[in-house]
Amino acid sequence: MSNTVTYKELSSIPVLMDEYRNAVKDVIPGLGEKRSAKENPKTAYEVKGVKIDVSHLASYTHATGLRLGNDLPLTYPYVLSFPLVMKVLTAKDSPLQAMGLVHLNNTIEQKRPLTVDDVLDIRVHADNLRPQNKGVLLDLITEISVGGEVVWTQSSAFLAKGAKLSSSSPYKDQPAEDGRLLGTTEMPMDATPTSTLRVSPEDIKVYAEASGDKNPIHVSNLGAKAFGFPGTIAHGMWSAAAMLQPLEGLIPAAVRYRVDFAKPVVLPASAAVYTTEDASTGTWNLQLRKASKLETLHATARLDSI
């Protein structure tokens with residue numbers, strides 16, 4: 001079903017932690033909105049004329065190990081737009097509570113690399129409310145335009161574990177899916193990784209500062225344990241960015257990057273990155289696994305020319 005949304009223009013990108021505070025209020029009885037997983041939300045947001053802060057970009061590349069240059073890293077616009085994602089999720093008509101959502105998969109497509117000189121128009125809406133094997137999924141869609149042309153898009157699927165679609169939802173009879181974009185993943189044939197990422201809680205605090213995403217599960221052991229994790233965990237999109245380190249200089253200008261997130265990276269950690277190329281198509285397949293226990297899969301990804 002088509003979802004017609006109304007974009008509300010904001011003067012600037014919101015402060016992410018303000019949106020997290022709104023999300024926390026949502027779970028407090030008497031303060032929060034009553035959510036019903038019935039319909040796709042109509043509320044959407046946009047910000048026009050966004051200029052790149054080079055010092056912020058430098059902080060991001062330092063935190064992810066990616067190169068600082070004139071072209072923006074493929075994953076960088078995600079952190080620029082994420083406050084708008086949270087604002088959509090905390091709007092009155094959002095069908096799911098933002099707190100506790102699990103980022104299950106992510107797809108980025110770009111027609112060409114964005115640059116530090118581009119002036120960006122960013123808009124975010126939600127769509128595709130649907131059942132999943134363990135709850136309910138919702139896609140958050142971001143579009144970034146330059147001069148009226150959409151250059152970069154992304155879709156993030158967020159899972160509300162344990163949630164159920166409303167009995168009056170038009171989507172309740174859809175078959176439940178597992179939420180994976182790339183299907184099942186076999187262990188790499190070659191036990192030698194392309195590279196190894198070593199990441200500490202302090203490293204992820206640096207990423208949290210650069211991205212603005214200071215969710216307690218990433219920066220506080222107590223906060224992480226409150227959500228059922230043994231300790232602080234790395235951001236999924238830190239993993240998605242850091243996995244690309246071995247492929248810098250090989251990523252096509254027009255590209256699709258799909259990532260399925262599996263087991264979280266519990267800190268401190270050493271994670272093995274595996275990259276293989278299909279020479280006939282130019283497709284790169286990537287895996288991120290726990291270095292000391294390779295059967296533990298953190299993420300699977302694929303890069304395709306478009």
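**Salt bridges, pair by pair**

Mentor: The side chains of lysine 87 and glutamate 19 meet in a salt bridge at 3.6 Å, N to O, the term standing for a side-chain nitrogen of Lys or Arg within 4 Å of a carboxyl oxygen of Asp or Glu. This pair links distant parts of the chain, since lysine 87 belongs to helix H3 (residues 76-89) and glutamate 19 to helix H1, 68 residues apart; helices (H or I, at least four residues) and strands (E, at least two) are DSSP runs, numbered from the N terminus. Glutamate 19 is buried, with a relative accessible area of 5%, where buried means under 20%, exposed over 50% and partly exposed in between (1.4 Å probe, protein chains only).

The model is predicted, so local features need pLDDT of at least 70 and side-chain atom pairs count only at pLDDT 80 or more, while totals for chains, interfaces and linings use all residues. Residues are numbered from 1 along each chain as its sequence is written, and side-chain values use heavy atoms, leaving out hydrogens and water.

A salt bridge also joins the side chains of arginine 130 and glutamate 177, at 3.0 Å, N to O. Because arginine 130 lies in strand E4 (residues 119-132) and glutamate 177 in the loop between E6 and strand E7 (195-199), the pair ties together parts 47 residues apart in sequence. Arginine 130 counts as buried at 6% relative accessibility, whereas glutamate 177, at 30%, counts as partly exposed.

Lysine 172 and aspartate 173 have side chains that meet in a salt bridge at 3.3 Å, N to O; lysine 172 is partly exposed at 38% relative accessibility, and aspartate 173 is exposed at 67%. Elsewhere, salt bridges with shared partners join Arg130, Asp139 and Glu177 into one network. The count by this rule comes to 14 salt bridges.
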